[in-house]
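Dear colleague,

Please find the structure below, followed by notes on what was found in it.

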Amino acid sequence: MARYELVKRSVALITLTNPPVNASSSAVRHAIAKSMKCALSDPEVTAVVICGENGSFCGGADIREFAGPLKGPPLVPLLDAIEAGEKPVVAAIEGVALGGGFELALVCHYRIAHSKARLGFPEVTLGILPAAGGTQRLLRLIGIPAAAISLKLGIVDQVTEQNACEVAVEFALRAVAKPLLSRRVSMLTTRCPPDLDALLDAVTMQVKKKAPGVMAPLACIQAVRAAATMPYYKGIKREGELMATLFNSGQAWALQYCFFAQRTAGKWTLIRSAAVIGLGTMGRGIAVCLARVGISVIAVESEKKLLETGRQMVIGMLERDAKRRGVSASLNLFKFTLSLHDLKDVDLVIEVVFEDMALKKRVFQELSKVCRPATLLCTNTSGLDVDALAGVTDRPHLVVGMHFFSPAHVMKLLEVVCGPRSSSETIATAMSLGKRMGKVSVAVGNCPGFVRNRMLKPYIDQATFLLEEGATPEQIDKALEDFGFAMGVFRMSDLAGLDVGWRVRKESGLNGSDVDPESPPRRRQGRRYCLIPDMVCEQGRFGQKTGGGWYMYDKRGGTNAKPDPLIQNLLETYRSKYGIQPRNISNQEIVERCLFALANEGFGILEDGMAARPEDIDVIYLFGYGFPRHRGGPMFYASMVGLERVLKRLEHYHQAHPDVPHLKPSPLLKTLVACGIPPVQKWREHIKTMHSHL
Ligand SMILES: CCCCCCCC/C=C\C=C\CC(=O)SCCNC(=O)CCNC(=O)[C@H](O)C(C)(C)COP(=O)(O)OP(=O)(O)OC[C@H]1O[C@@H](n2cnc3c(N)ncnc32)[C@H](O)[C@@H]1OP(=O)(O)O
């Protein structure tokens, strides 16, 4: 876990060895303590260098150990002892020095960093804070406020392009004769601005606005205040108290769960050339994603004018993207064409034509004829049957869905839709291409709406039913935003555009000329149906893009949502037409009905085998719908609320609304409650027996 050796006769070199990122597990801490004892007691040793194996100094505490009882030497006394030692200790930082790894570097008397090293405290993203003196030492080293690069701030003593460990050993030999007192960061006084209180109050306000309800950033501000106003020994005690509160909080569990869920979902592991058919908004975004990672792209359109518009838009996007990233635009990777025959040699095709099954089938039939037999054929459909498309090709095993979300070059989520005939290699290739493009790729089954959109339906339905019953869009949005969503359901729908759902509802016979004239009011296809979204669309209100939707906006494309008296009137007229007596609806009911209906559909999806594990669903919602990360995703949230309570509340709401099948508790939810409510990571064991499509 740490190698100890003597180099240059008098320098003790301690190398942390805990792949993949040399996290400070209990065994690593134990090995550091033992090695330091050796180095400090050996008269031959005049200085110590600490480095990490395989180009990584230390990725911080070993997060995998947080779930169990804390073992091994505690970090604070270990780090204090290194700083207090009488021999100079130099940190040789390559790769990352994060969290506890950065804290280890801060107790060293000198820090040598490679120019590409990354130093920082990402603990806040795990729901905790640096609690081994990190907040107290960093502030003493750089003062408040501080915002500049490490060398200017004085965090590191030398930046090098060479091997940081070799440079550090030479540095250590020169440091032997120098006094150590001023090198002990905990002994320094924090430099503070005169208006410290006002500054911290302003930062607190900003944090509360940006991350409402999230505890860790606020605790960090309190730790900063302690570093500024207290001596080190008191400051570190305060840091520890703050950590104790955070460490055992549901938010920390949720955020740590998200860290691993994100990596678990991405565990899928060659595409040099690709084609994108259709250069609308989605097609252009997908083409940019491919080119960004060095894949040559043939972009196809059906008409000269559309091709030229697409070409100009793609070039503009590429140039802006390259400028932002400080690289040159990869225009040479593109070829624009009107002919599918140009695709004969590509490795993979992504079809992004209009959402029309007949049109897509024609494209897939044509691709089958022109592309070489090994070319993967992918569709970006957001809901059509991937297997029906596979069925018209000569290679159904090479057909897979790659469902990007708009705007495709920005949104992180990619649903890889596995048809029943998609081969494992095809799925793995699509997953790995997603990862290469920087997407969080999740394999999902081939069912209407796949996972994200299938779950969104009951969530949105509940919101519109609540409108019928007496709530307003702003009240529902406020309740969901207080829960942690950046945008409530109606603001989000206005942003996405209301016309898409309207078209889907028409195509499914839920409104328009296909509706059975015998349907009772507010019922379609045997279940409750809210007509309000269709009425909003009938007025040409499609959301932000038309300057009005559930809210009004100052202009087309405006983002400043204001409550609209027109919507208020529409709701009142609707309720009186259908004899609905509006009632006061609590925020609790809003959150429960929307969120429990969402999670309930998630249980259904697991049961149907359309998602392999609850983590996948949570990751889809974290990256595809802005689910508040500190809540862990809809499935984890349900587990935190308690499955028994979720079940009871769903039963209660279903009893009150028997014509809403989405509120009927899913059999899997009942099974999990009946078998003792296992933790979310174990649900999969109870799903195994069911039929998986993945
Ligand atoms: C009652 C009061 C109790 C108080 C108790 C206090 C006890 C705790 C004491 C001290 C606490 C200190 C705080 C910390 O140090 S918390 C950890 C802070 N560090 C981080 O947050 C870093 C997290 N990791 C990353 O950001 C990235 O992984 C990075 C290191 C930048 C590498 O990124 P990348 O190259 O993209 O690779 P991956 O993210 O895919 O990671 C590769 C694999 O490494 C695993 N990993 C990464 N970091 C850790 C870690 N800190 N611990 C354990 N494992 C880690 C990651 O899971 C990947 O594994 P795999 O591929 O097998 O899934």
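Which helix gives the most to the shell around the ligand? Helix H9 does, with three residues. Before going further, please keep in mind that this is a predicted model, in which local features need pLDDT of at least 70 and side-chain atom pairs count only at pLDDT 80 or more, while totals for chains, interfaces and linings use all residues. Residues are numbered from 1 along each chain as its sequence is written.

The ligand shell

Among the 25 residues around the ligand, those that come nearest are Ala23, Gly60, Ala61, Gly99 and Gly100; a residue is near a molecule if its C-beta atom, placed from the backbone, lies within 6 Å of it. Two or more residues are given to this shell by strand S5 (96–98) and by helix H9 (232–247), where helices (H or I, at least four residues) and strands (E, at least two) are DSSP runs, numbered from the N terminus. By type, the shell divides into 17 nonpolar, four polar and four charged residues, with Ala, Val, Leu, Ile, Met, Phe, Trp, Tyr, Cys and Pro counted as nonpolar, Asp, Glu, Lys and Arg as charged, and the others, Gly among them, as polar.

The largest nonpolar core has 207 residues, of which Val49, Val90, Ile112, Ala168 and Val349 touch the most other members. Such a core is a set of buried Ala, Val, Leu, Ile, Met, Phe, Trp, Tyr and Cys residues joined through C-beta atoms within 7 Å, and a residue is buried if 20 or more other C-beta atoms, placed from the backbone, lie within 10 Å of its own. Helix H22 gives the most to this core, with 10 residues. Leaving aside residues up to four places away in sequence, valine 90 touches, among others, Val49, Ile112, Ala168, Phe171 and Ala172, contact being defined as C-beta atoms, placed from the backbone, that lie within 7 Å.

The buried residues of helix H6 include Val167, Ala168, Phe171 and Ala172, and the buried residues of H6 pack against several strands, among them S3 (47–52), S4 (89–93) and S6 (110–114).

The annotated C-terminal spans

For "domain: 3-hydroxyacyl-CoA dehydrogenase C-terminal", the unreviewed UniProt entry lists residues 449–553 and 590–675; annotations of this kind may be inferred rather than shown by experiment. Residues 449–553 are 50% helix and 4% strand, whereas residues 590–675 are 69% helix and 0% strand.

Proline 473, placed in helix H17, counts as buried because it has 28 C-beta neighbours inside 10 Å. Proline 473 touches Phe490, among other residues more than four places away in sequence, and Phe490 is one of the buried residues of helix H18 (residues 489–496). The buried residues of H18 pack against helix H16 (452–469), helix H17 (473–483) and helix H22 (587–607), and just after H18, glycine 497 takes a positive phi of about 105°.

Alanine 597, found in helix H22, is buried, with 26 other C-beta atoms within 10 Å. The C-alpha atoms of alanine 597 and lysine 457 are 140 residues apart along the chain and separated by 9.2 Å.

With best wishes

Key: Buried ≥ 20, exposed ≤ 12 C-beta atoms within 10 Å, placed from the backbone. Contact = placed C-beta atoms within 7 Å.
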